[in-house]
Amino acid sequence: MGYVADSVVAQFKGNYNLGIFLRVGTTPALHLSFSCNDIPVYIPTLDATNVVYLGGGRIIDLPQLEMMIKGISGKVTFGMSALDPVLVAAVMSSAPKVQGALVTVGICPMDWQWQPQGTIIPVWTGTAEFVAQEMKVETDPEKSRTQSLSLTASGGDSSRAFSYLQTFTDQAQRLVSATDNFCQNVSRYFQTYVVVWPRN
């Protein structure tokens, strides 16, 4: 069986609406659809079959899919705007930790009534870094002040971007293996040290 089922490929070849979905692997996981309605659909291997993706409508900002999929942008930000400050305060006070959570963006062909014609196909994965909130100044006294929430994520696996603090000293190596002499001469080597190789 291929990555995408033949029936789903056939849907993409015909007339369809493109459904875009966002999943953040927190505990519990956050499921959002870029639509006005809640949609019962799931990502195989990540979601249970009875998951419902909540409709976010136009309040969600999605970075350009092409930039995300082709890896042009290392970091992307997903945003929700025009939110009630009371709602934002409630969300932030009970929000689960997002740092390090798996972020998945997927697509699915939808019919003319915006019903899914298969399961969600993941097209981009990343690692969540942080959530931020912002309240812009409102100059119109007739309007209520609103806030925005944003989630910043790094594309792919960014674990190699973090510094590795282990130093190759004799003491550090002996903590790993007490009888290992491999690093016993490391202290002799410094930037201007010239290594003289043995000659026959």
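This is a predicted model: local features need pLDDT of at least 70, side-chain atom pairs count only at pLDDT 80 or more; totals for chains, interfaces and linings use all residues.
## What lines the largest cavity

Sorted by class, seven nonpolar and three polar residues line the largest cavity, and no charged residue takes part.

How many cavities of 30 Å³ or more does a search of the whole structure find? The search finds one. The volume of the largest cavity is about 30 Å³.

## The largest pocket

Next come the pockets. The largest pocket has a volume of about 670 Å³. Its lining is made up of 25 residues, and those nearest its centre are Leu 30, Met 80, Val 91, Ala 95 and Leu 149.

Several elements give two or more residues each to this lining: S1, strand S2 (30-33), strand S6 (75-83), helix H3 (85-94) and strand S9 (147-155). Which element gives the most to the lining of the largest pocket? That is H3, with five residues. By class, the lining of the largest pocket holds 21 nonpolar residues and four polar ones, with no charged residues.

## The second largest pocket

You can find another open space in the second largest pocket, which holds about 190 Å³. Twelve residues line this pocket, and the closest to its centre are Tyr 3, Pro 44, Thr 119, Ile 120 and Ile 121.

How does the lining of the second largest pocket divide by class? Ten of its residues are nonpolar and two are polar, while none is charged.

## A look at Lys 97

Lys 97 sits in the loop between H3 and strand S7, the latter spanning residues 102-110. H3 is also the helix that gives five residues to the lining of the largest pocket.

Is Lys 97 buried or exposed? Lys 97 counts as exposed because its relative accessible area is 67%, and the cut-off for exposed is over 50%.

Methods
Residues are numbered from 1 along each chain as its sequence is written. Side-chain values use heavy atoms; hydrogens and water are left out. On a 1 Å grid over the protein atoms alone, a cavity is a set of points where a 1.4 Å probe fits but cannot get out, and a pocket is an open set with protein on both sides within 12 Å along at least five of seven lines; lining residues have an atom within 4 Å of a point. Grid points are joined across faces, edges and corners, and a volume is the space filled by probe spheres set on the points. Ala, Val, Leu, Ile, Met, Phe, Trp, Tyr, Cys and Pro count as nonpolar, Asp, Glu, Lys and Arg as charged, and the others, Gly among them, as polar. Helices (H or I, at least four residues) and strands (E, at least two) are DSSP runs, numbered from the N terminus. Buried means under 20% relative accessible area, exposed over 50%, partly exposed in between (1.4 Å probe, protein chains only).
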